[in-house]
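Hi everyone, thanks for coming.

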Amino acid sequence: MKKAFPILGLVTAVLLSYALYEALVVAPREQTMGDVQRIFYYHVPSAWTAFLLFFLNFVASVQYLVRRDPKTDRAANWVLVAVAGLSCVAALVVKLVPDLMQALPQGVEVSSIASTGPIVAIIYFLMRRYFSVEAVDALAVTTAEVGVVFCTVVLVTGPLWARPVWGIWWTWDVRLTSTLVLWLIYVSYLVLRRFSSSGQTPVLAAALAIFGALDVPLVYFSIWIFRTQHPQPVIGGGGSIDPRMLHVLLLNWLAFSCFAFLVCWSRYRLERATREIEETLALEALLEPRNALR
Amino acid sequence: MSAPTGITLATLKKDIRLEWRSKDALNSMLFFALLVVIVFSFSFDPVAEESRQIAGGLVWVSFLFAAVVALNQTWAREMRNQVLDAYRVSPAPANALFLAKAIGNFIFVCILEALMTPLFIVFYKLRALGPAWQLVPVAILGTWAIVVNGTFFAAMSLRTRSREIMLPLLLFPITIPALLSMVEATTIILVGDPSTSAKFWIVLLATYDVVFTTGCLALFETVLHAE
């Protein structure tokens, strides 16, 4: 495993520089916006990565709380299986009833309804299989921290693009505001982790992450009522995109994902090592008085 | 009367009696809200038409700030003489305690709102042009939204260093949708534009309350026993 780290680092570096070249040179110039549109190749992949990391943080937080008790652990497993099954059933029902099919919002497809539940379940069970309870908490720290970094990139590159294109730095539109609130919630999550006493940090932080996850749909819905100014999502939404641009975008996303994975990996190892050292020191402190008595 | 409601009532009665005798939370809240009102009126000095537009925000922001003052004290009271530890080892259900605290805070913040609203009306020359009765559900649902999350996060920040600062840091980001709904609903009612209705925001506020009350009740025991 340790050998894979530098190899992955090298692959990431190559991918990132190639993706940079593609984004700046190869990708076609946007007709109306001009070169400023190229920031899109950083903005969108960062956003996807940040949301993915926050989602992983939510799964890890739920898992940390649930797995402390075998009873809730078993119940959660069944809930996950039920979620996977239900989403397939829901997709089938939508497919069979034409009225529902028509009522689907733009960009939502039957296949995405069918795959959401199973994907969530697979992520949950993979995490459960490969991470112990303590490791899941370390994973939660890692994903929250790296997620905040990527979310910051999104919030910085967004206004940089908006100023020349919209003529304003910021607007209280649904996507912008929800992303900002998500960022705020996760910053408060990190502050809580920093300030709470060590033994209780994981539980309190996990509870806050769940509250944050409850909050985000409400934030989105409440601001949705104001007319949205953000461009429609170009993939699976109302917008359309040149296939060459899509190619560059996906390449950049791959590079960013590799980069995020690399950073997460090293942060995770650092977190585990820190905890191991803390435990050893605590153990030594416990043993010391006995040694002194001898 | 089943046992949990009995415990809730007993704790609630105790809190109200304590508050009645000391008036710690209420006095500090009232004075704080009064200061906020006065500071705001210095910084804006609005005419009646403008103040209608901004009053919803002013009122709710000052109530939110004032509520934080009271919320910070709810659990601190239980820290003296290790009362909270006694709760933790007792077989009493954690949620009964949580509900008692939340209802107690709800009552205190409601009293604050009842006392401060006339002041707002006088200082900002307010008069609702829309259906004023709708302000009642907005106030009740909004106050519960602030208080239920506030009580939960106050219990959470109890275990942190610099806990007084911690509560608003945790509470404000999560309260944003509720605050937005309260402010929007209040502004719509005050301005009284017939083309818009506050109903959407009231429903949203009710949804927020249901979601977060459930969340708090589901997680409170875990947070209380966090070790």
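Okay, chain B: of its 227 residues, 51% are buried, and buried here means under 20% relative accessible area, with exposed being over 50% and partly exposed in between, using a 1.4 Å probe and protein chains only. Before I go on, this is a predicted model, where local features need pLDDT of at least 70, side-chain atom pairs count only at pLDDT 80 or more, and totals for chains, interfaces and linings use all residues. Residues are numbered from 1 along each chain as its sequence is written, chains are lettered from A and ligands numbered from 1 in the order in which they are written, and side-chain values use heavy atoms, leaving out hydrogens and water.

So what is chain B built from? It has eight helices and zero strands, taken as DSSP runs numbered from the N terminus (helices: H or I, at least four residues; strands: E, at least two).

Look at contacts next, meaning heavy atoms within 4.5 Å. Among those in chain B with a separation of 6 or more, 85% join residues 24 or more positions apart. The C-alpha atoms of chain B fill a box of roughly 55 × 35 × 30 Å along the principal axes.
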